[in-house]
Amino acid sequence: MIKIRGLKKWFDTRRGRVDALRGIDLAIAEKEFFVLLGPSGCGKTTTLRCVAGLERPDAGELEIAGRIVNSPERRIYVATEKRDIGMVFQSYAIWPHMNVFQNVAFPLIRGRKRFGREVVAEKVKRALHLVHLDGLEDRPATDLSGGQQQRVAMARAVVTEPKILLMDEPLSNLDARLREQMRVELKKITRAVGVTTLYVTHDQAEALSLGDRVCVMHGGEVLQTAAPDEVYARPANLFVAEFVGEMNFIKGKVASGRIECPLGVLSLPVPAASDAVTLAIRPEHVRISASDGASGALVGTIASKNYLGDAALLEIEINGVTLLAKLAGDTDITVGQKTSVILPPERWRVFPS
Amino acid sequence: MKSLRSVYFALASLMFSTAAAAAPVDDLVAAAKKENGFEFYAPSTLTPQGAQALNAAFNKKYGLNVKLQYNPSGNMTRDVGKIVGLAASGTPPEWDLMVVTDAHHATLWLKKMHQTFDYRSIGVDPKAVQYDNGTVNFANQFVLPAYNKQAVAAKDVPKTWEDLLDPKWKGRIGVSTATHHLGRLAAGAWGEEKTTKFVTALTKQDLILGRLGEIYTRLLLGEIVVAVSLSDSELKAETHKKAPVAFAEAVSPLIAPAYHAGVPKNAQHPKTAHLFAAYLTTPEAQKIWEKYAGQSSALIPGTAAYKYVQGKKVVYMSQDQAEAVDRLSRQYGKILGFTDL
Amino acid sequence: MSIATDAAAAPSVDIKPSGTGLFAGGLTALLLVMVGAPLAMIVLMSLRTGFPGEGGPLTLANFAAVYSHPGTYKVLANTLLFASGTVVVTLIFAVPLVWLLMRTDLPFKGTIYVLMTVGILIPVFLRTIAWILLLSPRIGLVNQWARQLFGLEQPLLSLYNIPGMAFIQGVSFVPSAFFMLAAAYRTMDPALEEAAYTSGVSKLQTFLRINVPITLPAIAGVTVYLFMTAIAVFEVPAIIGFPARILVLSALIFTSTNPPTGLPNYGHAGAYGAIMLVAGLVFAYFYVRIVQHGKKYTVITGRGYRPREIALGRWRWPALAFALIYLSMEVFIPFLVLVWVSLLPHLQLPSAEAFAQISLDNFEHIFDHVGALPFINTAVLMFAVPTATMIFSVLVSWVVVRTNVSFRGSLDTLAFLPHALPGILLAVGLAYLGLAYRNYFPVYGTIAIIAIAHTITWIAYGTRTTNSIMIQVHRELEEAGKVSGASTPTVLGRIVLPLIAAGIFNSWIWISMLSYREVTMALALGTRKNLVISTVVWQFWGNGWVPQVAALGVILVLFAVLVVGGLKLGFSRLGEWQS
């Protein structure tokens, strides 16, 4: 549905050229919920805005629904207003001089395809029903709460039934509880509409829970594109591992095909041509048992315990290294206790340092 | 036979002379009928009502029905400059007849920009015809030192121009940008040397400078108590009648700038304009002009101005003084500190 | 596949340069002509002797005459002193007033705000007459009282010197500066101030160390504007400077083009103007530098915050006193004097005799003297100038703030340039253009030429305000319109314009006022056909008809208070979601 090939964008500043996008390649399937994830400044919003036509790339090609919409090389640029898209902005961008109805109806009255009064009323009604704002048509935009504004923005984006829905951190301005609630609803709405969605966020939990596929970006480049569980379980590199979820990192050295680290010498597959590596393991994969002396197990001391209700986070000291372990909340292990620690070899990830 | 011949001769000469006297006017009247209207530039003090009165009386006198378009003056200097500029680019002037001061007409005369006409041939007093048949002098202003009646005791009122140099006026005397007043004095009665000395001596009085109206305002307020020169345009204006400002009438000579009517070259309606210029010297036009604009001609017996100048020594400006007045006005402007160049 | 997609894409493909780029290019070209043509005329004028339209060879004679004369340098020094003094006086009043009115809980803010607007309506001449009546060394009331009270020999204060001129001119510039700075202070994030207070810094220190530096680009812009305006104005120099032989550049340019005798000397005016032009360009350069430097901490409003007011505490009343002292100088005293003078048959100081002469005669006869034309012309100016200026400004700001057209920075600088171009020079340049090329540019002597001059001048002011208004409108509001499929003109008309309407209207009113009271350009371009009220006032003053002018002034002030008050009230609802 959306094809991005070799997308590049740079800015000329006084200190020289700054690259915002260094060649992005993506292919997003029809009705897919695709998430661009990364820290601020990684280029995810720029990519989204290029798809919307709000920014113009300096090189590369953009294709929407089989039609080239932007290609600097071939001097093609289809203006934003001529692209069949809907978009939800970070600030919601609800026009303060219009009421709810006028906001949602605007794309139908002034947009690509124009409709008669009755059709507009019907479509707006349906869109507002979809976002659970029935009956709020006449409310001035300035009298809406943050959550309501978000819903109006959503309704406005889908009212034309676009092929593509773009969302730029739409939940980042909501408080935590509302955010989770909206996350669920957002997914429902996009499913109901059956629209291809490109979603930008810096919140990894949001990305993992919403996306059919997640694309992790950094420094204007794509680091990994995969299903959420794949990204979580097998991060493509150290940056993805650091950015998505919690992980323990331990430095190690490669010596004759094995890895030496403070926890001992491990036989793990070593990345080609590297002698210094970083070992990584997720806290929930660190297994702890109160009984010491299990064969082959390491021995550690519990340094701290952070009780979260459903889970408990324990810091364990082993040979001068601190590891974080995530256990069920009802564990009876206490601070100061000596425990045996098991680190299953298949759970380790090894990255070149 | 002889007598018959002499009768014939007398008749012929009579006919010839009346023809000579009457024909030019008739020609002008006939031409004016064809031109059917003209643009009249004149001081704003005339007012539209005054212009209308002149128009009506003019039409009545010559049996015409022309429309006079009154253009009240804004800035005479600049408008004269505009005429010069228009002529330079070959565009006809906006106005057919211009009433400006003799000094302004001097500028046009020096640039040879008058449409001349033998005004004497239609009965204008030769004394009133100026600038080589370029203009008709038909009204006079009067210029004298003025004082604030509340601030100056009767015995202190200046009696001569030189009294203005009295140190008691220091810091309390003003002079206007109309330095042509002094230029006229220099070109006429006093001569250049005496006047220049006088002007130079004036600068020691810590003069307050300003345009004519501003000097009048400051005199009224008492910021200054004596003005080196003001004109009757300021003093006798309807709005100023009750003000405590008066001419130092004892001072002599009296300076009398004049208003001339002249037709700029390439004017669109020159015949009507010439006829009207001559008409302005008639007693009926004088009455209307005096009623509205406040002035009349000192050359025409019976007018207020004529009566006023009787027994007075008056400085008129003649065309051969034009260059000197222009040069000296600038020079005095510089001495007094109005301009830098 | 690619062949098929190309065919499908073909009809709706936009090729660079886009419509926006073309539009921005056209706008830039138009502005270039508007600013450049008068400038070119001034240069041409300075290189020619003779009259507009006379042609003639190019020569440096004017420069030689003007700059070999030692007096010119004295005049330059006077001009610099007068202009700097004026700017200092203006900023001393304007900056604290802006802070007090925009950021604090000063009492009667609304009333003070309205009175600031009213003050503009009092013609500068009349204001100056008020100062003469108060401070003239001989007759000034203050000096007379001082003499009686303290038995002074010498007058206590004198007006007729450069500080006196700078004081009067400076006070009269305060409202302009105020309204230009207000926008900058309004958009400043209050958290920046609050952070200083929570760090234990006093209010005064915060004002000096936080507010002033943050708004420095705005203050720099205002300073350049004030300085160049001060160099160009000539009302105060004419009334206060001229009598005491203190000549400034604008007075020389004015007398060169309007000499008391002889013919106008455009060549000298051009040569005098050249130095103004150089000064203006130098200032513009520094301004652009400061603004670029300032961009790194330009503060843009966040989402929907409402600035909290700073409690002045015990400083409330001294602050109010400060505002009242200013208002007395700007409004109360001049208006009182205006009313007094308008009731008298001729100008005089208060006395029993004067009181006996009070009547309404001047009001009854004022329209006989003035006629209808100046009122019609002024009305035309007051409507056409702000409308044209704001249309230009909105379009320029939109290109500068919202688009990524590559030359938008140059467009912004170009729009600022008229700030650095002294009004008298612009007017003289336009007059020369109108006279010399009247066949191509047939507006000389019409009200249109004054409207053009005013519009060019205030595009700089207009774009400064529309820039800040536009920045306040979140970019995404506009992008949401485009994503909805609305065309660029629709987005501008349906979204941007309604959002900025209140701010635009404020600027519109303000420019209308500036146009109403502007006299320097109107006079330099004036003929009898394009008389406006401000030039009538000048002529009346020149004729010594002061009471008549005062009556006119009183009528205008009262009329304008009604009109402006009514309009403001009508539009106040628009402003609710604006500010």
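**Notebook: strand β9 of chain A and its surroundings**

I began in chain A, where strand β8 (residues 164-168) and β9(A) run parallel and are joined by five bridges; helices (H or I, at least four residues) and strands (E, at least two) are DSSP runs numbered from the N terminus, and two strands pair if DSSP finds at least two bridges between them. Within this pairing, L165(A) stands opposite T197(A) of β9(A). I then followed the chain from β8(A) through helix α5 (residues 176-193) of chain A to β9(A), and this β-α-β crossover is right-handed, a term that applies if, with the strands pointing away from the viewer, the path from the first strand over the helix to the second runs clockwise.

Before going further I noted that this is a predicted model, in which local features need pLDDT of at least 70, side-chain atom pairs count only at pLDDT 80 or more, and totals for chains, interfaces and linings use all residues. Residues are numbered from 1 along each chain as its sequence is written, while chains are lettered from A and ligands numbered from 1 in the order in which they are written.

Are the residues of β9(A) buried or exposed? Six of the six residues of β9(A) (residues 196-201) are buried, so the strand is largely enclosed by the rest of the structure; a residue is buried if 20 or more other C-beta atoms lie within 10 Å of its own, exposed if 12 or fewer, and partly exposed in between, with C-beta atoms placed from the backbone. In a regular strand the side chains alternate between the two faces of the sheet. I checked each face of β9(A) and found both covered, with T196(A), L198(A) and V200(A) buried on one side and T197(A), Y199(A) and T201(A) buried on the other.

**The crossover helix**

α5(A) has 18 residues and reaches 26 Å from its first C-alpha to its last, close to the expected 26 Å at 1.5 Å a residue, the expected span being 1.5 Å times one less than the number of residues. I found L186(A), I189(A) and T190(A) to be its buried residues. They cover an arc of only 90° around the axis, which puts them on the same side of α5(A); the arc is that of the directions from the helix axis to the C-beta atoms. An α-helix has 3.6 residues a turn, so residues three or four places apart point the same way. On the other side of α5(A), I noted R177(A), V184(A), K188(A), R191(A) and A192(A) as exposed. The cover over the buried residues of α5(A) includes β3, β8 and β9 of chain A, together with α3 (117-130), α4 (146-158) and α6 (204-210) of that chain. Just after α5(A), G194(A) takes a positive phi of about 70°.

**Elsewhere in chain A**

I also looked up R22(A), which has its place in strand β2 (residues 16-28) of chain A and, with 15 C-beta neighbours inside 10 Å, counts as partly exposed. Leaving out residues up to four places away in sequence, R22(A) touches K8(A), G220(A) and E221(A), contact being defined by C-beta atoms, placed from the backbone, that lie within 7 Å.

Further along, strands β18 (residues 311-318) and β19 (residues 321-328) of chain A run antiparallel and are joined by eight bridges, with A312(A) opposite L327(A). Their hairpin has two residues between the strands, and N319(A) takes a positive phi near 45° there.

For chain A as a whole I recorded eight helices and 21 strands, and buried residues that make up 39% of its 353 residues.

**Between the chains**

Chain A and chain B do not touch, and I noted 49 Å between their nearest C-alpha atoms. Of the two pairs of chains that touch, B and C have the most contacts. This contact takes 41 residues from chain C and 43 residues from chain B. On chain C, the elements that give two or more residues to the side touching chain B are α3 (61-67), α4 (70-103), α13 (249-257), α25 (533-543) and α26 (546-571).
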